[in-house]
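The following exercises are to be worked through with the sequence and the structure in view. Each task is followed by a solution in steps.

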Amino acid sequence: MDDQTRTELEAAAFRRLRQHLMQDRPEVQNIDLMNLAGFCRNCLSRWYQEAATERGLEMGKAEAREIFYGMPYDDWKAAQQTEAGPEKQAAFEKAFKENVTDKG
């Protein structure tokens with residue numbers, strides 16, 4: 001497989017993952033994704049931002065999230081995010097530290 005085809009397939013897979021998380025399963029909470037898989041929608045938007053920065057494109061966190069979420073993040077949170085109980089919040093703190101804070 002040539003590099004261009006591989007890149008196109010990877011991009012298609014990313015778009016399908018985004019569709020799955022944003023349209024097919026928006027009820028799945030970011031905190032649950034982070035607690036179970038070690039990443040969430042915010043991680044994907046951050047990776048998008050990091051890829052842009054690596055290519056010399058200026059992109060802030062809010063802009064990357066709006067591109068990924070298809071709307072301002074606060075609008076998505078208001079429409080989709082539910083309150084997480086103390087147990088989920090504690091698990092999130094651990095998962096975030098292991099998968100985000102300690103990785104940087």
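E54 and R55 are both exposed, where exposed means over 50% relative accessible area, buried under 20% and partly exposed in between (1.4 Å probe, protein chains only). The model is a predicted one, in which local features need pLDDT of at least 70 and side-chain atom pairs count only at pLDDT 80 or more, while totals for chains, interfaces and linings use all residues. Residues are numbered from 1 along each chain as its sequence is written, and side-chain values use heavy atoms, with hydrogens and water left out.

**Exercise 1. The overall fold**

Solution. 
- Step 1: Helices (H or I, at least four residues) and strands (E, at least two) are DSSP runs, numbered from the N terminus.
- Step 2: Along the sequence, the pattern reads α-α-α-α-α-α.
- Step 3: Consider the contacts (heavy atoms within 4.5 Å) between residues at least 6 apart in sequence: 54% of them join residues at least 24 apart.
- Step 4: An unreviewed UniProt entry carries the annotation "domain: SMc04008-like" for residues 28-94. UniProt positions are given in the numbering used here, feature names are shortened, and annotations may be inferred rather than shown by experiment. Over residues 28-94 the chain is 72% helix and 0% strand, with its end C-alpha atoms 19 Å apart.

**Exercise 2. Salt bridges**

Determine how many salt bridges there are, and examine those of R6 with E10, E50 with R46 and E54 with R55.

Solution. 
- Step 1: Side chains of opposite charge can pair when their charged atoms come close. The criterion is a side-chain nitrogen of Lys or Arg within 4 Å of a carboxyl oxygen of Asp or Glu. By this rule there are eight salt bridges.
- Step 2: R6 and E10 form a salt bridge at 3.3 Å, N to O. Both residues lie in helix α1 (residues 3-24), four residues apart, about one turn of the helix. R6 is partly exposed at 36%, and E10 is partly exposed at 44%. Together with D3, R6 and E10 are linked in a network of salt bridges.
- Step 3: In the bridge between E50 and R46, the closest N and O atoms are 3.3 Å apart. Because E50 and R46 are four residues apart in helix α3 (residues 41-54), about one helical turn separates them. E50 has a relative accessible area of 37% and R46 one of 25%, so each counts as partly exposed.
- Step 4: E54 and R55 form a salt bridge with their closest N and O atoms 3.8 Å apart.

**Exercise 3. Aromatic pairs**

Count the aromatic pairs and characterise the pair of Y69 and Y73 and that of F92 and F96.

Solution. 
- Step 1: A pair of aromatic rings is described by the distance of the centres and the angle of the planes. Rings of Phe, Tyr and Trp (its six-membered ring) pair if their centres lie within 6.5 Å; planes under 30 degrees apart count as stacked, over 60 as edge-to-face and the rest as tilted. The count by this rule is six aromatic pairs.
- Step 2: The ring centres of Y69 and Y73 are 5.0 Å apart and the planes stand at 55 degrees, so this pair is tilted. Y69 is buried at 3% relative accessible area, and Y73 is buried at 15%.
- Step 3: F92 and F96 also form a tilted pair, at 5.5 Å centre to centre and 35 degrees between the planes. F92 and F96 both belong to helix α6 (residues 86-99) and are four residues apart, about one turn of the helix. F92 is partly exposed at 23%, as is F96 at 32%.
- Step 4: F14, F68, Y69, Y73 and W76 are linked into a cluster by ring pairs.

**Exercise 4. The surroundings of R65**

Which residues are in contact with R65, leaving aside its neighbours within four places in sequence?

Solution. 
- Step 1: R65 is found in helix α4 (residues 61-69).
- Step 2: With those neighbours set aside, R65 is in contact with N42, S45, G70, M71 and Y73.
- Step 3: R65 is buried yet has no salt bridge; D74, the nearest side chain of opposite charge, is 6.6 Å away. Here Lys and Arg count as positive and Asp and Glu as negative, while His and the chain ends are not counted.
- Step 4: R65 lies over the face of Y73, at 4.3 Å from the ring centre. A charge sits over a ring if NZ of Lys or CZ of Arg is within 6 Å of the ring centre and within 35 degrees of the ring normal.
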